[in-house]
Amino acid sequence: MKQKVKLWELMGFAITSLGGTLLHFLYDWLGKAKWIAPLSGVNESTWEHMKLLFWPMLAFAIVQSFFFREKEDFWCVKLRGILLGLVLIPVLFYTYNGVIGRSPDWINIAIFFISAGISYIYEARLLEKESRCKNPRWAIFALLVIAILFVVFTFATPKIDIFKDPLSGTYGI
């Protein structure tokens with residue numbers, strides 16, 4: 001089971017890395033098409049970078065769930081892994097930005113990959129042991145709420161710094 005879990009999580013990291021990278025550019029590549037905006041990064045805000053991690057991780061989790069049906073706590077593990085990645089992106093970004101005072105692109109890119117990597121390592125550890133997940137339906141519901149927030153905040157963006165594009169000073173689309 002351990003080798004199976006490690007292989008799956010390694011594939012998840014690769015797919016999330018590739019998917020997030022593609023989603024970073026997709027909105028611009030498609031001529032700023034509004035239909036792709038909820039899935040793709042529409043600006044350089046921290047929130048939009050969190051979106052780039054969320055969608056590929058969720059898509060991979062859906063595929064992976066068909067192969068981990070025997071794992072009752074699967075969705076609780078995936079929720080924890082995704083939440084970890086979503087928290088790491090702003091924590092790492094604002095921590096180094098507060099210390100250094102600027103935002104080099106290579107560090108921003110590294111933060112995305114580090115967050116994805118740590119998330120999948122964490123998931124692998126949780127999948128290898130029994131969890132205390134009482135109700136996996138709540139985990140699925142929580143992921144659905146997060147997905148809805150990513151869609152809604154793409155078009156109705158709060159005027160909070162995490163949503164602010166540091167290059168243009170604008171929010172959302």
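In the predicted model, a salt bridge is formed between K4 and E70, with 3.7 Å separating the closest N and O atoms. This pair links distant parts of the chain, since K4 belongs to helix α1 and E70 to the loop between α2 and α3, 66 residues apart. K4 has a relative accessibility of 32% and therefore counts as partly exposed.

The structure holds 6 salt bridges. Another of them pairs E9 with K78, the closest N and O atoms lying 3.4 Å apart. Because E9 is located in helix α1 and K78 in helix α3, the pair ties together parts that are 69 residues apart in sequence. Both E9 and K78 are buried. A further salt bridge joins D73 to K71, with a distance of 3.5 Å between the closest N and O atoms. D73 has a relative accessible area of 5% and is therefore buried; K71, at 8% relative accessibility, likewise counts as buried. Through salt bridges that share partners, E9, K78 and E123 are joined into one network.

D73 is also one of the contacts of C133: when residues up to four places away in sequence are not counted, C133 touches D73 and C76. C133 is situated in the loop between α4 and α5 (136-155). Its relative accessibility is 19%, and C133 counts as buried because the limit for that class is under 20%. The C-alpha atoms of C133 and W75 are 8.9 Å apart in space, whereas the two residues are 58 residues apart in sequence.

Divided by class, the lining of the largest pocket contains 7 nonpolar, 6 polar and 4 charged residues.

For the second largest pocket, the volume is about 260 Å³. The residues lining the second largest pocket include G20, T21, H24 and F25, together with E44, H49 and L52; D105, N108, I109, F112 and F113 are also among them. Two or more lining residues are given by each of α1 (2-29), α2 and α4. The greatest contribution to the lining of the second largest pocket comes from α4, with 5 residues. By class, this lining divides into 5 nonpolar, 5 polar and 2 charged residues.

Terms used:
Residues numbered from 1 in each chain as written. Predicted model: local features only at pLDDT ≥ 70, side-chain atom pairs only at ≥ 80, totals over all residues. Heavy atoms only, no water. Nonpolar A, V, L, I, M, F, W, Y, C, P; charged D, E, K, R; others polar. 1 Å grid on protein atoms, 1.4 Å probe; cavity = no way out; pocket = protein on both sides within 12 Å on 5 of 7 lines; lining within 4 Å. Points joined across faces, edges and corners; volume = space filled by probe spheres on them. Helix = DSSP H or I, 4+ residues; strand = E, 2+ residues; numbered from the N terminus. Buried < 20%, exposed > 50% of the residue type's maximum accessible area, 1.4 Å probe, protein only. Contact = heavy atoms within 4.5 Å. Salt bridge = Lys/Arg side-chain N within 4 Å of Asp/Glu carboxyl O.
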